[in-house]
Amino acid sequence: MEAKTNGPSVNAGRVMDGPTNPMVTPLLTDLYQFTMAYAYWKAGKHNDRAVFDLYFRKNPFGGEFTVFAGLEECIKLIANFKLTEEEISFICETLPGSCEEGFVKYLRNIDCSDVEVYAISEGTVVFPKVPLLRVEGPVAVVQLLETPVLNLVNFASLVATNAARHRLVAGKSKMLLEFGLRRAQGPDGAISASKYCYIGGFDATSYSDNAYGSSLFFTNVDSLSKLMFVLLVSVLCCVLASNVAAGRLFGIPLRGTHSHAFVSSFMSPDEILERSLHRSDGSSTCEDFVSLVQSWLSKIQWAKALGNTVGETNQSELAAFTSYALAFPNNFLALVDTYDVMRSGVPNFCAVALALNDLGYKSVGIRLDSGDLAYLSGEARKIFQIIEKEFGLPGFGKTSITASNDLNEETLDALNKQGHEVDCYGIGTYLVTCYAQAALGCVFKLVEINNQPRIKLSEDVSKVGERILCRHPFNESKRAYVVPQRVEELLKCYWPGKSGKVREELPALKDIRDHCIKQLEQMRPDHIRRLNPTPYKVSVSAKLYDFIHFLWLNEAPVGEL
């Protein structure tokens, strides 16, 4: 699927599209932001020039790195920040006491034309207390941005980091599918998770079904009604096979199979009415694909190389697989654990896959959603390899095996230690809900007001090859001289307001993902390992160290004994 461009576009006179979620408006904020804006206005301070930094204090999940995400949505909010008359009326009704007409007029004119935003590139690996986002502008306006900006960055960075950690444990060679739509915290949690899991290194968004209680029973139902119901289930299972909305909005690749409900909705191959299938090259047509599948199942059952281990399989499962293959001959991936993986699911898959092969199609593989994934994947691989050799089918032994069923970092790590044959993981609940840690804890702090630093100190950027003294921000005994080999200015201007500065373009989502992966590859392995990672050292220059401590001592109250 084509990657979406996240840069600006002309739309109804706006410089760029609004936030993905239409609920992200100026009202998505705490009431006290508006009460403070009113108090600033009453005091004549609302236009005081303020600078706020957004940062976090501790890396999540017990790790030593974080992936910064959410910048694009912040810029879209800022670019379209404007209160409607209805919103202004609601604010005035909500504020305690009376709301003066002058403040109403002020609210009508509020926008972010005098705001400047500097940020680290989205997808960058970042560390505690390093500013991710710097917002400069009139203090009242910037404070109105505080809550929505924190909301947009906190979850985005948390889930992107969670995805990156899963990628690191799984390894580069494995495909990772985000399976979290049905388990996410509401529609926005699901859409956001799909986007930021992709940034963190997942390959696609997909669908999983663990509902074994979804078997269908028919009583006193005529065959036509039953057939129509089966077809409806088939369509729904195919349509709901991925977070389609995220694919459409962001250009994220979509992957999907079918559910247990699809398999258990069939009773026998007799239900399949349309049995013909064209060859992949269109040169001829197999008039009875169902019979071709049955003939291959018989050959598998009698194959000496399999040691007569394949007996009678579940025919309703075989019917479901055959029906799905008829609908999607180029994308046949079967869920094989509805009944019995090794006695029914895998042999039935192989029969359908071999029938498809006769017509020039290549099956995708199988999905395991329960049981001992290490053992079952290994046994399935053995059967694939035996069939490749027995029937002379080059490449069949490498048929893809996907595993799902409440996977997380720990289970991936355990599978690696046990040894397995899984090629692809579908990860849902623990990924999109960030089960291991509820929030990142970003903060938005005032660092400068009317050119008076409160904690920030602007200084010239260091130069390559120029020896500088670096210090630990809070431990005076930790210091070292460093000669930089590469110098990179982290904060770039993504919203210049009316300053006239050059604006950094927002990259396409795939470019952000590639940047994230490249950043992780540049990290030392001990900094990104899952257990007991080495802390990544972030130092400050001697000049900044002296200023921080000078400001700290001046601002801290002196007690009396």
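## A walk through the predicted model

Start by selecting Asn 405, which sits in the loop between strand 12 (400–403) and helix 14. Helices here are DSSP runs of H or I with at least four residues, strands are runs of E with at least two, and both are numbered from the N terminus. Asn 405 has a positive phi of about 90° although it is not a glycine. Most residues other than glycine have a negative phi. With a relative accessible area of 31%, Asn 405 is partly exposed; buried means under 20%, exposed over 50%, and partly exposed in between, using a 1.4 Å probe and protein chains only.

A word on what you are looking at: this is a predicted model, in which local features need pLDDT of at least 70 and side-chain atom pairs count only at pLDDT 80 or more, while totals for chains, interfaces and linings use all residues. Residues are numbered from 1 along each chain as its sequence is written, and side-chain values use heavy atoms, with hydrogens and water left out.

**Next stop: Lys 129.** Select the loop between strand 4 (125–126) and strand 5 (133–138), and you will find Lys 129 there. Lys 129 is not a glycine, yet has a positive phi of about 70°. Its relative accessibility is 47%, so Lys 129 counts as partly exposed.

**Now zoom out.** The chain has 561 residues, of which 52% count as buried. Among contacts (heavy atoms within 4.5 Å) with a separation of 6 or more, 78% are between residues 24 or more positions apart.

**Helix 5 and helix 6.** Select residues 139–170 for helix 5 and 186–199 for helix 6: the two pack at an angle of about 50°, with their axes 8 Å apart. The axes are lines fitted to C-alpha atoms over the stretch in contact, and angles run from 0 to 180 degrees between N-to-C directions. Helix 5 and helix 6 are therefore oblique to each other, given that angles under 35 degrees count as roughly parallel, over 145 as roughly antiparallel, 65 to 115 as roughly perpendicular and the rest as oblique. Show side chains to see which residues meet: Phe 155, Ala 156, Val 159, Ala 160 and Ala 163 from helix 5, against Gly 189, Ser 192, Ala 193, Tyr 196 and Cys 197 from helix 6.

**On to the salt bridges.** The whole structure holds 27 of them, each a side-chain nitrogen of Lys or Arg within 4 Å of a carboxyl oxygen of Asp or Glu.

- Select Glu 85 and Arg 108, whose side chains form a salt bridge at 2.8 Å, N to O. Glu 85 is in helix 3 (residues 85–94) and Arg 108 in helix 4 (residues 101–109), 23 residues apart. Glu 85 is partly exposed at 41% relative accessibility, and Arg 108 is partly exposed at 33%.
- Return to helix 14 (residues 409–418) for Glu 410, whose partner Arg 530 is in the loop between helix 17 (525–528) and strand 19 (540–541), so the pair ties together parts that are 120 residues apart in sequence. Glu 410 is partly exposed, at 46% relative accessibility.
- Glu 488 and Arg 486 make a salt bridge of 3.0 Å, N to O. Arg 486 counts as exposed at 63% relative accessibility, whereas Glu 488 counts as partly exposed at 44%.

**Last stop.** Which residues are linked in a network of salt bridges? Select Arg 49, Asp 114, Glu 116 and Lys 501 to see that network.
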